[in-house]
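Visitor: Could you walk me through the strands and the aromatic rings of this model?

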Amino acid sequence: MTILSMPHHSDTPQQPPADSATAVLGVDTHKDVHVAAVVSVLGALLGTQSFPATASGYKQLVEWARSLGVVEKAGVEGTGSYGAGLARHLAAEGIEVTEVNRPDRAARRRSGKTDAVDAEAAARAVLGGRATGAPKSKDGPVEELRVLKVVKDSAVRNRTQAINQLKALLVSAPAQLRESLTGLSNPALFKACAALDPQTSAVNQALSLLAHRIKQLSAEATSLTRRIAAIIQAHNPQLLELTGVGPDSAAILLIAAGDNHDRLRDEASFAALCGVSPVERSSGKSQRRRLNRGGNRQANAALYRIALSRLRWEERSRAYLLRRTAEGKTKREVIRCLKRYIAREIHRAIASAPLPVPDSLAA
């Protein structure tokens, strides 16, 4: 693939000043092409260039960037998607990678929106200290959990859809068939529908196909659940020992933290990541906090399910609910407080897991 050059800048990169040998790399990532920009520590744009999103393209990008200065840091957009491969390559080259969010709307209105502008903004975000987040490593057991969880969630969604379709077809099915299947439990209903002769009628064929689909998707979901539980048991068994934490919730919370959980400064960072840290909303004479509606919503939902389980089965949580409601708190507010406490326990368990060993050290 031919390396593309951005039309807004000269193809010949500017030479960095003698007193600013250190430079920062910024990359705007896409599916097929990554656009890179190099900015000196004094803020001068040294050059921009496009490279294919391939292994050879990553190598060319690093060589080009190092030809403009000593590159020690890089800001990369989309380290969890299109930029994942590049982030791994930069880390292997000894370049510190920082995850950069896209510029806000105000900045886009001022500077416009092009790939070159976004790449330069990524470099300046690292240079100015606005971007400080470390990307997820994606090279350990948590990445395996993420991949398996994606497939399992898809199987569960499709199974639910097939069940709804089967029951909807029964509503308008012939009376004799409908009455013969009325009152059956779900497992018995699916078994009876799977045994129908598909040659009898179109309804029988549809019900039989849906029943076999439900059976197959159920087997997939069960197999994936066992695999997920086995990975968690081997990687972080103490997480499953916490009250109310099952394989699904544990997987979601581990995925939110990532393999390199040391990128989270403390348990407060994990709570903010899960959206259970209150946000200050003080102005003038008012002093208050509001609900945090940001963060990883799947992790937030997992904490909510754990809180409900504890309120049902754990005496300590039920006593806490009674005490706080007596103080005037609503049940919803108490659950929010519980989610914050649970996040603290979850973070301790996650932090106790071993960090992934880099390939260079493992070899």
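Guide: Strand β1 (residues 22–28) and strand β4 (residues 70–77) run parallel and are joined by 6 bridges; strands here are DSSP runs of E with at least two residues, helices runs of H or I with at least four, numbered from the N terminus. This is a predicted model, in which local features need pLDDT of at least 70 and side-chain atom pairs pLDDT 80 or more, while totals for chains, interfaces and linings use all residues. Residues are numbered from 1 along each chain as its sequence is written, and side-chain values use heavy atoms, without hydrogens and water.

Visitor: In what order do the 5 strands form the open sheet?

Guide: Two strands pair if DSSP finds at least two bridges between them. β3 and β5 (96–100) each have a single partner strand, so they stand at the edges. The pairing is mixed, and the order is β3-β2-β1-β4-β5.

Visitor: Which kind of pair do the rings of Tyr-320 and Tyr-341 form?

Guide: Rings of Phe, Tyr and Trp (its six-membered ring) pair if their centres lie within 6.5 Å, and planes under 30 degrees apart count as stacked, over 60 as edge-to-face and the rest as tilted. The centres of Tyr-320 and Tyr-341 are 5.8 Å apart and their planes stand at 85°, so the pair is edge-to-face.

Visitor: Is Tyr-341 buried, partly exposed or exposed?

Guide: Buried means under 20% relative accessible area, exposed over 50%, and partly exposed in between (1.4 Å probe, protein chains only). Tyr-320 is buried at 11%, whereas Tyr-341, with 41% relative accessibility, counts as partly exposed.
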